[in-house]
Amino acid sequence: MQHFSTDALILRATPRGDHDKLLMVLAPKFGRFYAILKGAGSMRHREVAATEPYTLSNMEFYEKNGVKWVKNATAVETFPGLRTDMDKLFLAAYVAEVAAELSDEREDGGEILPLTLNTLHMLSSSKEERQHIKAVFEWRAAAVAGFMPEVDHCQRCGGAVGEQCYLDVMGGAVICGACLQTASAMRPIPEVSEMGERSILCPLTASAAAAMDYVIKADQKRIFAFQLKDELSRNLFARATEAYLLHHLERGFPTLESYKRMQAPHPHLFQNSILTRTEDI
Ligand SMILES: [Zn+2]
């Protein structure tokens, strides 16, 4: 039987039988792995808190017949701000799901673990708009995954991106407004690629493109240390980062869909009011 202990971020916890939980964790040196938590129902409150999703805990494991089991867990950082806000909790679930997608057992947690911890910390404690935190995370995650577009110049003319520019999502580059309109000097962007995929062009402002450049190049600890003041740039930045990450990972995320449903007006409330009216008649 092999014992080891490490700090680990709980990415997911699913019930396994009546009393056990299957944890997916991400740890420095060990990467992402699964471990079984036995008798979760009979644990003391402090230990339960240490095995909740999106908690960083110091954990002791033992391995038997190729299966890892949790022996002890002590919470290091619970990100309490996430626990009192459903919206933030749904976004944390999405961040954890992306982290799971971008890590595996062979890697050491690399840059994705500090990025995820940094993002959970911002979501939990910062006053920054959550859509902006999500966008910075998505853009840096895309860079960590190796999809690092060049956004500091126009890919076509090599010049400054200008106030109106576009992110070519499939091509991983920025194109200035002039190049997009002046078809005479440039070959037009094909509507369908060789792979049969439709081109996606996300409009950007110069500020949004500069933000993208900053988030790619900044030191990990400084990625949130900038401001995008105008609302248009913030919205375009947020739209483009999500489209880019999802496109390049070639998948959607159920947790992101849940988060978006949370943002939408609640249709069941509307339906209830219709039902009430019908009854009145
Ligand atoms: Zn250009």
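Visitor: At what angle do helix 2 and helix 4 pack, and how far apart are their axes?

Guide: Two packed helices are described by the angle between their axes together with the distance between those axes. In this predicted model, helix 2 (residues 86–101) and helix 4 (residues 130–144) pack at an angle of about 0°, and their axes are 11 Å apart. Angles under 35 degrees count as roughly parallel, and helix 2 and helix 4 are therefore roughly parallel to each other. On the side of helix 2, the contact is made by Asp87, Lys88, Leu91, Val95 and Val98, which meet Arg130, Lys134, Phe137 and Ala141 of helix 4. By class, the residues of this contact divide into five nonpolar, no polar and four charged.

Visitor: What should I make of the spacing of those residues along each helix?

Guide: An α-helix has 3.6 residues a turn, so residues three or four places apart point the same way. With that in mind, look again at Leu91, Val95 and Val98 in helix 2, and at Arg130, Lys134, Phe137 and Ala141 in helix 4, all of which belong to the contact between the two helices.

Visitor: How far does helix 4 reach from its first C-alpha to its last, and how many of its residues are buried?

Guide: Helix 4 has 15 residues and reaches 21 Å between its first and last C-alpha atoms, close to the 21 Å expected at 1.5 Å a residue. Twelve of those 15 residues are buried, so helix 4 is largely enclosed by the rest of the structure. Among the buried residues of helix 4 are His132, Ile133, Ala135, Phe137 and Val144, and what covers the buried residues includes helix 2, helix 3 (112–125), helix 6 (206–217) and helix 7 (231–249). Just after helix 4, Gly146 takes a positive phi of about 100°.

Visitor: Which residues does Trp139 touch, once its neighbours along the chain are set aside?

Guide: A residue counts as buried if 20 or more other C-beta atoms lie within 10 Å of its own. Trp139 lies in helix 4 and is buried, with 27 other C-beta atoms within 10 Å. Not counting residues up to four places away in sequence, Trp139 touches Met212, Val215 and Thr241.

Visitor: What do the buried residues of helix 3 pack against?

Guide: The buried residues of helix 3, including Ile112, Leu115, Leu120 and Met122, pack against strand 1 (2–16), strand 2 (20–27), strand 4, helix 2 and helix 4. As for length, the 14 residues of helix 3 should span 20 Å at 1.5 Å a residue, and the end C-alpha atoms are 20 Å apart, which agrees.

Visitor: Is Tyr54 buried or exposed, and is Asn65 buried or exposed?

Guide: Tyr54, in the loop between helix 1 (45–49) and strand 4 (56–64), has a positive phi of about 65° although it is not a glycine, and Tyr54 is buried, with 25 other C-beta atoms within 10 Å. Asn65, in the loop between strand 4 and strand 5 (67–77), likewise has a positive phi, near 50°, in a residue other than glycine, but Asn65 is exposed, with 5 other C-beta atoms within 10 Å.

Terms used. Residues numbered from 1 in each chain as written. Predicted model: local features only at pLDDT ≥ 70, side-chain atom pairs only at ≥ 80, totals over all residues. Axes fitted to C-alpha atoms, helices over the stretch in contact; angles between N-to-C directions. Helix = DSSP H or I, 4+ residues; strand = E, 2+ residues; numbered from the N terminus. Parallel < 35°, antiparallel > 145°, perpendicular 65-115°, else oblique. Contact = placed C-beta atoms within 7 Å. Nonpolar A, V, L, I, M, F, W, Y, C, P; charged D, E, K, R; others polar. Expected span 1.5 Å × (residues − 1).
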